[in-house]
Every structure is written in structure tokens, then in C-alpha cells.
Amino acid sequence: MKTDYNKKMPAENDGIVIGRNAVLELLKSGRAVENIYVCAGEKEGSITKIIAEARSRGLVIKEVNRKKLDYMCAGANHQGVAATAPAHEYSSVEDILDYAAEKGESPFIIICDEIEDSRNLGAIIRSAEACGVHGIIIPKRRSAGLNFAVAKTSCGAVEYVKVARVANLASVIEQLKKKNIWVYAADMDGQPWCKTDFSGGVALVVGNEGRGVSRLIKEKCDVTVSLPMRGRVNSLNASVAASVIMYEIVRQRLGI
């Protein structure tokens, strides 16, 4: 489907910073940055400084065509570069574990494996807050971040749920397992969700909307759990599936 680049920029790109000087100062400030967008072919002058600064901070740099960048910036003079900043600051994995310890509870964590739709991530955060989840972990690449569409869909829950953004999900899963946290993949062909023991520390992995949990991440998990499908559609929306299993974990924790 052809994109109408004359429309106003999409809601998930609210919080965008445009222009060479503005983006460079944003990077120098140390403030959290989601992504850097550079117009294809723009590799001269201060653009090279921006790219070098972004790489030194390990940020994702996306090369896009000029029409797309014009669209994202609502037609404003972007000078070939733009950046998106999160609607909320990120936490660390240690922050999440410390929070669980402070509450005297076994860790309850959601891991989003490449959830790309901002509204799905926002819905997961909203359900997680309602279920008393201690934190959510997302990857730096190929994932929605804490943009303004996520904040809006979460209905404010993003203000209360700790979200950590990490470079390597597989490595983090190994670290969690060493801390006695069992990791469950929500995917097809697993054992029934309602017959699974979720006692103790739990990390629930929710996969991509189309591909599900990636092969590498699934191999790292201790258990795969699935929901029975009785209709013609063979899968649920990622946020819906996550919510169902989250509430089963809550039910078991409450002993009801």
C-alpha cells in the first residue's frame, strides 16, 4: 500500500528532534535516545559527527529515504537527520530485580522479544501494571521503544512499570536463570498454560506479532507454554496472549 507522505507525522513519532544542531546537542546531553534517522546519502559535514556520536553511545542508526524523513518530520526542515526520544526514562535489569527484592516478592518479569507494534507494547505494559509485574525487558533493536504511542496505549501505566532496554536478550535470560528465575516462552506447541507451575521467580517471554518467539530465545527458555486454540484463527494478539498468561501467574501467586 502506498504511503501518503503529505499526512501529519504518525503519533508514535511524537517527541521527535530534528535538525543537525538539535540532534547533535541531544546526543551530547546524555539524554536517552530511541533511534537516529539519517537521510540516505547524507554522510558529509556535521552528519558524520552525529553518526560517530550515536555509534559511540551504541544507538540504532536507521538510513531512510528523504520522503520518509519528510513524512516523519511533518514537512519541517530536518537537514537530513532526526532523532526520537523516549516518552519515559528506561530502568536497568538490576533496577527491576531490586524492586522485587524491596517488595519481598519473587521476581515477576515480562520479556518482549521484538514486539514491533507500539500499541501492543503499550497494552502489555498496561496489563503488566495491573498484574503487579516488577518490570519489562525489551531489546534495543527491532522493537518498539517507550515512544508516545506506547505511553498513550498504556493509559499511564508506563509511569509505574520499570522497562529495561538491553542489547542482548539471550544473555539477559542466562543471567536471570542464574538468579533462580524460570523463563517461560509463550508460543505454539507448548504445554497448557493453565497446567504449568509458575511458582517462584518468573520471566515470561512474549514473541513478535508475526514470527512469535525467535528460535534462539526459545532455546534459552526453560519451558514453552501455549493457549488452546478452538477457532479457525490459530493465534492470539501478542498483548492478549500475554495478559491471559500473566493473570494465571497472578492467580497462582494469590493461591486462588
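The stops below describe what is found at each selection.

**Before starting**

The model is predicted, so local features are reported only at pLDDT of at least 70 and side-chain atom pairs only at pLDDT 80 or more, while totals for chains, interfaces and linings use all residues. Residues are numbered from 1 along each chain as its sequence is written, and side-chain values use heavy atoms, with hydrogens and water left out.

**Stop 1: the nonpolar cores**

Select Ile-110, Ile-124, Ile-125, Ile-136, Ile-245 and Met-246. These residues have the most contacts inside the largest nonpolar core, which has 36 residues. A nonpolar core is a set of buried Ala, Val, Leu, Ile, Met, Phe, Trp, Tyr and Cys residues joined through side-chain atoms within 4.5 Å. Throughout the tour, buried means under 20% relative accessible area, exposed means over 50%, and partly exposed lies in between (1.4 Å probe, protein chains only).

Next, colour the elements that build this core. At least two residues each come from strand E5 (108–112), helix H5 (118–130), strand E6 (135–139), strand E8 (181–192), strand E9 (201–206), strand E10 (223–226) and helix H9. Helices (H or I, at least four residues) and strands (E, at least two) are DSSP runs, numbered from the N terminus. Which element supplies the largest share of this core? Helix H9 does, with seven residues.

Centre the view on Ile-110. Leaving aside residues up to four places away in sequence, Ile-110 touches Ile-124, Val-133, Gly-135, Ile-136, Ile-137, Leu-204, Val-206 and Met-246; contact here means heavy atoms within 4.5 Å. There is also a second, separate core of 21 residues, and Ile-109, Ala-170, Leu-176 and Ile-181 are included in it. In soluble globular proteins, nonpolar side chains tend to be buried together.

**Stop 2: the aromatic pair**

Select Tyr-184 and Phe-198. Their rings form a tilted aromatic pair, with 4.8 Å from centre to centre and 55 degrees between the planes. Rings of Phe, Tyr and Trp (its six-membered ring) pair if their centres lie within 6.5 Å; planes under 30 degrees apart count as stacked, over 60 as edge-to-face and the rest as tilted. By this rule the count comes to one aromatic pair. Tyr-184 lies in strand E8 and Phe-198 in the loop between E8 and E9, 14 residues apart. Are these two residues buried or exposed? Both Tyr-184 and Phe-198 are buried.

**Stop 3: salt bridges**

The structure holds nine salt bridges, each defined as a side-chain nitrogen of Lys or Arg within 4 Å of a carboxyl oxygen of Asp or Glu.

- Select Lys-218 and Asp-187, whose side chains meet at 3.0 Å, N to O. Lys-218 is partly exposed, at 29% relative accessible area.
- Move to Arg-215 and Glu-219, which form a salt bridge of 3.0 Å, N to O. They are four residues apart in helix H8 and therefore separated by about one helical turn. Arg-215 is exposed at 62% relative accessibility, and Glu-219 is exposed at 54%.
- Select Arg-251 and Glu-248, where the closest N and O atoms of the salt bridge are 2.9 Å apart. Arg-251 is partly exposed, with a relative accessible area of 34%, whereas Glu-248 is buried, with 5%.

**Stop 4: around Glu-114**

Select Glu-114, Glu-116, Arg-142 and Arg-211, which are linked in a network of salt bridges. Glu-114 is located in the loop between E5 and H5. Its phi is positive, about 65 degrees, although Glu-114 is not a glycine. Glu-114 counts as buried because its relative accessibility is 15%.

Ser-143 touches Glu-114, Ile-115 and Ile-138, not counting residues up to four places away in sequence. Ser-143 is buried, at 16% relative accessibility.

**Stop 5: Gln-79**

Select Gln-79, in the loop between helix H3 (66–72) and strand E4 (81–84). Gln-79 is a residue other than glycine with a positive phi, near 60 degrees. At 39% relative accessibility, Gln-79 is partly exposed.
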